[in-house]
Amino acid sequence: MKGAPPNPRDSAAPNASAIDVPDLGTRSGGVDWPDFLGPGRDSKSPETGILTEWPPEGPPLVWKRTLGVGYATCSISRGRLLMFERFGDQARLTCMRSETGEEIWRFEYPTQFEDLLGYNNGPRCAPTIDGNRVYIYGPEGMLHCVRLVDGEMLWRLDTAERYHVVQNFFGVGSSPLIEGERLILQVGGSPPGSPPIYSGRVQGADSGIIALNKYDGSEVYRLTDELASYASPVAATIGGQRWCFSLLRGGLVGFEPTEGKLRFHFPWRAESLESVNAATPVVFDDRVFISETYGPGSAMLKVKPSGYDVVWSDEERRRDKAMQAHWNTPIHHKGYIYGSSGRHTANAELRCIDAADGSIKWSQPGLTRCTLLYVDGHFVCLGEYGELRLIRASPEKYEEVAQAELESDGQPLLRYPAWAAPVLSHGLLYLRGDSHLVCLELIPEQK
């Protein structure tokens, strides 16, 4: 394992994020993508100039790389791409040049994680990059902080051991969030000696959410008895107040992120024991949209200093639900919400709904369960079998602008399950399937 015992001078220094990290990138335009779903955790890119006319094989292939086991998408900062995956009994964080795929360093640690339902035994969480620090949260609950420049370990924390976490069906799947000097993550601990998750009798014990000092990993606060889900927390400023929202196993928690003051809890969970909340809350203006696929569906809340008002709720619709997102987080754009609705491949539909009342504007079946990324007036749409589409972002109708079956030497580049969220950074589009990461040039470099 590459790494060293924590160095207090490195891990605790208040200006650690200001360490000069040389930029290895050469492309002139665009932004970094250092976090799950991008800088705003909303899967929206500010870049422009995308290619809208594609050949059958899609936008130009820049590079490709064989991957280990896992579901995690990549993160990118200062010309470096971070990929978290598993090889054998080692969890591995690999740092590569984002423009070429050339490996720079790797960090590994041993893992024995096994998915309780027999799915994938690799990482689910994207790396979180903050200045010269990278945070990885493994499916077994190991949290590591390493340096971006060389992969040296700064500190680590076994959350499963510290907080007596009963392993969830699919392990840890909620990416950590940096908010100021806090590292906020779902943990969902239980009393010591708790029964296994499939007993249906597991209770939480005041550690649904944990905030750590991002420099040394020491605990700052904890709150809520909720168990963890697979949805990632997101922060926003509403009405001059800073908020953090986290959709845990039993519902949405809104809290003040610096000191951890709980502001509200909104119950939202299906009755089935095997149900999950996995889509990240969608925050815009003073609204928070949540969605799941096992029962209640979606709800729209209006946030206010004293808590929330329910704007509309799918529970009241019962049959004709607006949206039932699985793991694929929907996207808000100009008063409408777009996302894949449906639990299974065959019944999934790509939908556009009115954020004001949840009414369905259009619904397109036959795309399988898909994940979206908004850029330049369009959605990049990745289907779970590797189909790539470009769709116009319009509430008027479903309009497909381009489609591609990504291939190399006659073989598909992306195989099922292509469940990881797409990434766009400095004009390059990064997509992962079961065994490969591919980099495509979606925005040509300006000469």
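In which loop is the place of K334? K334 sits in the loop between β23 (331-333) and β24 (336-341); strands here are DSSP runs of E, at least two residues long, numbered from the N terminus.

1. Basis. This is a predicted model, in which local features need pLDDT of at least 70, side-chain atom pairs count only at pLDDT 80 or more, and totals for chains, interfaces and linings use all residues. Residues are numbered from 1 along each chain as its sequence is written, and side-chain values use heavy atoms, with hydrogens and water left out.

2. Confidence. The average pLDDT of the protein chain is 94, and 95% of the residues score at least 70; pLDDT is the predictor's confidence in each residue, from 0 to 100. Over residues 1-18 the pLDDT stays under 50, and the model has 37 contacts beyond four places in sequence for this stretch (contact: heavy atoms within 4.5 Å).

3. Most residues other than glycine have a negative phi, and most peptide bonds are trans. K334, although not a glycine, has a positive phi of about 55°. K334 is exposed, at 70% relative accessible area (buried is under 20%, exposed over 50%, partly exposed in between, with a 1.4 Å probe and protein chains only). D376, also not a glycine, has a positive phi of about 55° and lies in the loop between β27 (370-375) and β28 (378-383). D376 counts as partly exposed, with 27% relative accessibility.

4. Peptide bond at P417. The bond from Y416 to P417 is cis, with omega near 0°. P417 belongs to the loop between β32 (411-412) and β33 (423-425).

Notes. Helix = DSSP H or I, 4+ residues; strand = E, 2+ residues; numbered from the N terminus.
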